[in-house]
Amino acid sequence: MKTNAITRIIVWSIVIVLLCAVLFAGLNFRTFSRWRASLRTGNDSSGSSSVSNTDTSKDPSPEVLDTNAAASVPSSSVREIEIDWVSGSIQILPADVTEITFTESEVSDSRYAMVWKQKNEKLSIEFCAEHTFSGFGPWNVLEKDLLIQVPRDWVCNSLEVDTASTRLEVTGLTIREVEVDSASGECVFTDCTVDEFDLDTASGDVRFTGKLNSMDCDAASASVYTVLENVPKQINMDIMSGDLDMTLPEDAGFTLTMDTMTNHFTSEFTTTSRNGSFICGDGGCRIKVDGMSGNVTIRKGSGVSPTGATGTVPTPLPLETRAASAGHTHTGECLTDPDSCPDASGHHAHDNADACPDTSGHHAHTDPSSCSDI
């Protein structure tokens, strides 16, 4: 057992060293060489093109965006978005627009202005046209913010984001497939509906609220916080160091399998242990966590911050405080006749606690004021 643990430490150490080497030596080449040929034969990077790049009959040359300008394409002609960004932030959100619009923060040198093109149903956006093959360039110190606005009813088939050090924030979108490849930077999805989520990052936490069918996360050092409205099909985590903090609906069933050297599992659901796995209900959601260290916490949907910003559940208020906040003081009648109590918290008397579907443990007390269960 000890020998296996030492072996895993050595293997993971080698992996992280190799990962760092790849990031420093080849990241910019991988990120920016994708359009190398078209950039050299297309528009002059020192100016902007006046020709629209929405012709789908052939592979268009990328268009350089005027400094501080905004561009747009018809939303009906785009179902996929691909973004290569180095540093700064990316924000994608619905708005009262009829087209997909995108703009970047101020750039003092037009050589480093954003470039974009559309082919068929894919909109591709790149940090800038300037690049070198040494893996080092001005973009290592230049930060820019990208804002993309889409119509509120627009549905995305595929979102692919490749970044070096960028915060990604997506709000209120329905996306069938999401693929994020990042060296570092926080990834935040708020009130989104995603079918498949694939994340590969060296360092950077992930925060997701909304509906999710499956997630596959590979990371060296990252934590994942989710607050889900549905029960996903599967969650796979392969993280060297990081936590999984997941909130599921109260009727969720899951099977959790962990293969970590040091870990701690906490659940607000009742679970049973079987063949090295923790099972709740029908065990439908398959959760697998591999890594060297990290904690796994699974919470019930009620009482959780809707933003999921911290991945923690607020501390419940004492009974007296809850009652006061509702403008009501609990009396003995609240226990004998719960329907007459205006406090809808549900923490009332049950004649048969064992038969009650409320498994939170908040059952009858003969003297609520003396109860230590807050």
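Aromatic pairs come to 7 in this predicted structure. Rings of Phe, Tyr and Trp (its six-membered ring) count as a pair if their centres lie within 6.5 Å; planes under 30 degrees apart are stacked, over 60 edge-to-face, and the rest tilted.

Let us start with Trp85 and Phe127. Their ring centres are 5.0 Å apart and their planes stand at 80°, so this pair is edge-to-face. It also links distant parts of the chain: Trp85 belongs to strand β3 (residues 80-95), while Phe127 is in the loop between β6 (122-126) and β7 (144-151), 42 residues apart. Strands here are DSSP runs (E, at least two residues), as are helices (H or I, at least four), and both are numbered from the N terminus. Trp85 and Phe127 are buried. Buried means under 20% relative accessible area, exposed means over 50%, and partly exposed is in between (1.4 Å probe, protein chains only).

Now look at Phe265 and Phe278. With centres 4.6 Å apart and planes at 40°, the pair is tilted. Phe265 sits in strand β15 (residues 254-267) and Phe278 in strand β17 (residues 277-280), so the pair ties together parts 13 residues apart in sequence. Phe265 counts as buried at 17% relative accessibility, whereas Phe278, at 25%, counts as partly exposed. Elsewhere, Phe189, Phe197 and Phe208 make up one aromatic cluster.

Some rings also have a charge over them. The rule is that NZ of Lys or CZ of Arg is within 6 Å of the ring centre and within 35 degrees of the ring normal. Here are two cases to find in the structure:

| Charged residue | Ring below the charge | Distance to ring centre |
|---|---|---|
| Lys144 | Phe127 | 4.3 Å |
| Lys300 | Phe269 | 5.7 Å |

Finally, a word on the backbone. Most residues other than glycine have a negative phi. Asn120 has a positive phi, near 55°, and its place is in the loop between β5 (115-119) and β6. Its relative accessible area of 42% makes Asn120 partly exposed. Asn275 also has a positive phi, near 55°, and lies in the loop between β16 (272-274) and β17. Asn275 is exposed, with a relative accessible area of 78%.

A note on reading these values: residues are numbered from 1 along each chain as its sequence is written, and side-chain values use heavy atoms, leaving out hydrogens and water. Since the model is predicted, local features need pLDDT of at least 70 and side-chain atom pairs count only at pLDDT 80 or more, while totals for chains, interfaces and linings use all residues.
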